[in-house]
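Welcome! Here is a short briefing to read alongside the sequence and the structure.

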Amino acid sequence: MANYIVEFKNVVIHYELRKYSLCAVNDFSLGLEKGAITALVGESGSGKTTIASSLLACISEPGRVVSGQVIFHDKDKDIDVTSLNEKELNAFRWDKVSMVFQGAQSALNPVIKIFDQFYETLYVHNEYLPKDKRIVLTKAVAREKMVKLLEIVNLDPDRVLDAYPHELSGGMKQRVMIAFSLLCDPDLIILDEPTTALDVITQDFIFSILKKINREMGIAMLLLTHDIAIVSKYADYMGVMYGGRLMEYGTVEDVFEHRYHPYTKGLIDSTPSLVGDLDSLKPIGGNPPDLLNMPKGCRFNPRCSKCFKRCTEEEPQDYNVNGSLVKCFLYDKKEDNK
């Protein structure tokens, strides 16, 4: 626990609808390492964004955490995010954890200059910050701080601060949002598909900046993505989600080398390569699970080539396989897998 900045403990998240309750995340447990980049990968609807949103208590309505804990390990105390009131959440957000949302175009106000958006955000959060982080908030002091942040993300402050969002390219707007996330010196940044709709060169440039921030400033990061290639290049740890459950977790090297879970193997084997033969790709058959009609037993069993009888009857627990956690009966030493 000493090495974790955040721990998700048996978290269950439901979307309470009129006629039924949809379980988007089921019994999710994971520790995020301090100062590391942890990636969560999986198909759309696997629960990546929902579990990350629980860390900021900003799950879209009508979603809510129905059980479990989300613990942030602060320097001198542990904070259970699920128990914070509105005032405490205002103090927690941006100071401890910030988020870069998917699609910077929708996150920036199109009729307000970048400087004014920075200043407004800093003005709102400054009063909630600990005394040692608060600043005497004049526009000159604020601009000085903003200049430093924009230089970190390789943007020209004189041009960007006095520009409207539509005057910036997609990659520039995404870097502005990364600078926003650094505004209150957080300990952890959540990155939700931070390079969606950008070209591959710009993607690589932005992730190089993010890794530099991680290594030089020691800020932990939680990356949510579909892009296996990005994970292999920039992340330290990797969790694979399917149908609201964490199916495999380990270091990036171990997960890519061993691919213990059949779903992990399917994800990696179905990823195109610039140098590989397209004929060698092996897509995962079938469709993602219906969250309202989950299969009995392991939720991946209808699509799994390794499925056997027990998989259709019981939910697998976590098995420790050479340091990786894998939710699969193939690694139950007591099971003959027949």
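N154 sits in the loop that joins α5 to α6 (157-160). The phi angle of N154 is near 60°, a positive value in a residue that is not glycine. Keep in mind that this is a predicted model. The points below move from the backbone to helix packing, and then to the pockets and cavities.

**Backbone details**

- Most residues other than glycine have a negative phi, and most peptide bonds are trans.
- Where is P62 found? P62 belongs to the loop between α1 (48-54) and β4 (63-73).
- The peptide bond that leads from E61 to P62 is cis, and its omega is near 5°.

**Helices α4 and α5**

- Helix α4 covers residues 114-126 and helix α5 covers residues 139-152; their axes come within 10 Å and cross at roughly 110°.
- That angle makes α4 roughly perpendicular to α5, since angles of 65 to 115 degrees count as roughly perpendicular.
- On the α4 side, the contact is made by F115, D116, F118, Y119 and L122, while α5 brings K139, A142, R143, K145, M146 and L150.
- Sorted by class, this contact of α4 with α5 has seven nonpolar residues, four charged ones and no polar ones.

**Helices α4 and α7**

- Helix α4 also packs with α7, at an angle of about 25° and with the two axes 11 Å apart.
- α4 is therefore roughly parallel to α7, because angles under 35 degrees count as roughly parallel.
- The crossing of α4 and α7 is right-handed.
- Which residues make the contact between α4 and α7? I114, Q117, F118 and T121 come from α4, and V176, A179 and F180 come from α7.
- The contact of α4 with α7 counts five nonpolar and two polar residues, with no charged residues.

**Helices α7 and α8**

- The axes of helix α7 (residues 170-181) and helix α8 (residues 200-217) come within 10 Å, crossing at roughly 15°.
- α7 and α8 are therefore roughly parallel to each other.
- The crossing of α7 and α8 is right-handed.
- From α7, the residues in contact are G171, Q174, R175 and I178; from α8, they are T202, F205, I206, I209, L210 and I213.
- In the contact of α7 with α8, six residues are nonpolar, three are polar and one is charged.

**The second largest pocket**

- The second largest pocket holds about 390 Å³ of space.
- Its lining has 19 residues, and W94, F101, T121, H125 and M177 are the ones that lie nearest the centre of the pocket.
- At least two lining residues each come from β6 (97-100), α4 and α7.
- Which element gives the most to the lining of the second largest pocket? α4 does, with five residues.
- This lining divides into eleven nonpolar, six polar and two charged residues.

**Cavities**

- How many cavities of 30 Å³ or more does the structure hold? There are three of them.
- The largest cavity has about 80 Å³ of space.
- A set of 13 residues lines the largest cavity, and C298, C304, C311, C328 and F329 lie nearest its centre.
- Nine residues of the lining of the largest cavity are nonpolar, two are polar and two are charged.

Definitions and conventions
Residues are numbered from 1 along each chain as its sequence is written. This is a predicted model: local features need pLDDT of at least 70, side-chain atom pairs count only at pLDDT 80 or more; totals for chains, interfaces and linings use all residues. Side-chain values use heavy atoms; hydrogens and water are left out. Axes are lines fitted to C-alpha atoms, for helices over the stretch in contact, and angles run from 0 to 180 degrees between N-to-C directions. Helices (H or I, at least four residues) and strands (E, at least two) are DSSP runs, numbered from the N terminus. Angles under 35 degrees count as roughly parallel, over 145 as roughly antiparallel, 65 to 115 as roughly perpendicular and the rest as oblique. A crossing is left-handed if the near helix is turned anticlockwise from the far one by less than a right angle, and right-handed if clockwise. Contact means heavy atoms within 4.5 Å. Ala, Val, Leu, Ile, Met, Phe, Trp, Tyr, Cys and Pro count as nonpolar, Asp, Glu, Lys and Arg as charged, and the others, Gly among them, as polar. On a 1 Å grid over the protein atoms alone, a cavity is a set of points where a 1.4 Å probe fits but cannot get out, and a pocket is an open set with protein on both sides within 12 Å along at least five of seven lines; lining residues have an atom within 4 Å of a point. Grid points are joined across faces, edges and corners, and a volume is the space filled by probe spheres set on the points.
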